[in-house]
Amino acid sequence: MKRSVLAAALGLALSVGGASAQEFERNIMTGGPQGTYIKIGRDIASLGAECGLKLNVVESAGSLENFVGVRNRRNTQFGIVQSDVLEYLKTFEANDPEVQKAVKGVRIMFPLYNEEIHVLARKDIASMKDLTGKKVAVGKKDSGTFLTATLIMDILQVRAGARMDINPDEALPKLLSGEIDAFFYVAGAPASLFTGNTIDKAKFHLVPITEAPLLATYTPSRIEAGTYSFQDQPVDLVAVKAVMMTYDYDTKRNAYHRDSCKTVADFSNLIIGGLDKLKTTGHPKWKTVDLTALPPGWQVGVCVKAGMALDYKPSCKPAGGAASGENTDDSNEEYLNLLKQRLQQ
């Protein structure tokens, strides 16, 4: 994995690290306007609105920016992140003090859904190896798409002729006009960027991604026929898990940490209690959410577990309980036991 990705993430950390005093807010960092993250964020914000808790849904470049935002950006309690970002940062954490600092305190809130790795390309590009020598858009440098595209091409030892660091919204018209040959886009299917009839199925298709070396990091998946208007046949590819991240706030530190921990506990409670509604009325990806599918190597935050307690009441309810945040148990067994109790209610 190229360390340029790490440099992008840590460089971003410096740009968002200011923590000047300001009015307390609740924010979730998501993604671009055409992606799945922002729709998931809006669904969560709707749960908060029903409870009288305003949650701002913040557009971003994607996973890397969101991860660092949760760590360093004031009034940002939540971010949606791809699990391969977590694996990448954990790989470097032991030997790199800068990464140790970037990772410190960031915690899992909930595992969400699998995101399919789309590679839209000209029809003559039949497999990933055919990207060799081609002009390929890989996403902006602070996005999860950029990290995933770089990681996959490195694993498969595919050497593109040129890599363009532009986001998928910019890449699609360039592909249609012939300026580039293919582009990566990590998003939960169906991705709204690909809906409509602007993509000519006689000229473009989704490239299958089935290479065995990728299965150590990614999950086999399939986009069924007809998911997009240009796609008549099912496409086998790989997917990465999207996870909701937060921070382990210390309620003994100051009022901001106490308010933020309470926010995390409240939304932890609301999401579990509202999961059935989210699966019915929210984005289709909610139907595939498995809250037990925790990515290895990452711990659930104490404020999350506080909100999962059977007797916890969010701020919008009478006699709302406060999240203590004082439980220092890092074991995920407590999270899984609490989850089992809540889902049996």
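1. Buried here means under 20% relative accessible area. Tyr249 has 4% relative accessibility, so Tyr249 counts as buried. The model is predicted, and that applies to every point below.

2. Tyr249 has an aromatic partner, Tyr256.

3. Arg74 lies over the face of the Tyr256 ring, 3.9 Å from the ring centre.

4. At the start of α8, Asn254 places a side-chain oxygen within 3.2 Å of the backbone nitrogen of Tyr256.

5. The length of α8 checks out. What about its surroundings? Of the 19 residues in α8, 15 are buried, so the rest of the structure largely encloses this helix.

6. Thr246 sits in strand β10, which runs over residues 235-247. Its relative accessible area is 1%, so Thr246 is buried. Which backbone oxygen does the side chain of Thr246 reach? That of Gln77, at 2.8 Å.

7. The contacts of Thr246 come from several parts of the sequence. Neighbours within four places in sequence are set aside here. Those remaining include Val70, Gln77 and Phe78. Gly105, Val106, Arg107, Ile108 and Met109 are also among them. Val264 and Val304 are in contact with Thr246 too.

8. Now the aromatic pairs in general. How many are there in the model? The count is 11. One of them joins Phe194 and Tyr228, edge-to-face, at 5.5 Å centre to centre and 85° between the planes.

9. The Phe194–Tyr228 pair links distant parts of the chain, 34 residues apart. Phe194 is in the loop between β7 (182-187) and β8 (204-206). Tyr228 is in the loop between β9 (219-223) and β10 (235-247). Are these two residues buried or exposed? Phe194 is at 1% relative accessibility and so counts as buried. Tyr228, at 2%, counts as buried too.

10. Phe194 and Tyr228 are part of a cluster built from ring pairs. Phe183, Tyr185 and Phe230 also belong to this cluster.

Methods:
Residues numbered from 1 in each chain as written. Predicted model: local features only at pLDDT ≥ 70, side-chain atom pairs only at ≥ 80, totals over all residues. Heavy atoms only, no water. Phe/Tyr/Trp six-rings, centres within 6.5 Å; stacked < 30°, edge-to-face > 60°. Helix = DSSP H or I, 4+ residues; strand = E, 2+ residues; numbered from the N terminus. Buried < 20%, exposed > 50% of the residue type's maximum accessible area, 1.4 Å probe, protein only. Lys NZ or Arg CZ within 6 Å of the ring centre and 35° of its normal. Polar contact = N/O pair within 3.5 Å; in protein donor to acceptor, adjacent residues only side chain to side chain. Contact = heavy atoms within 4.5 Å.
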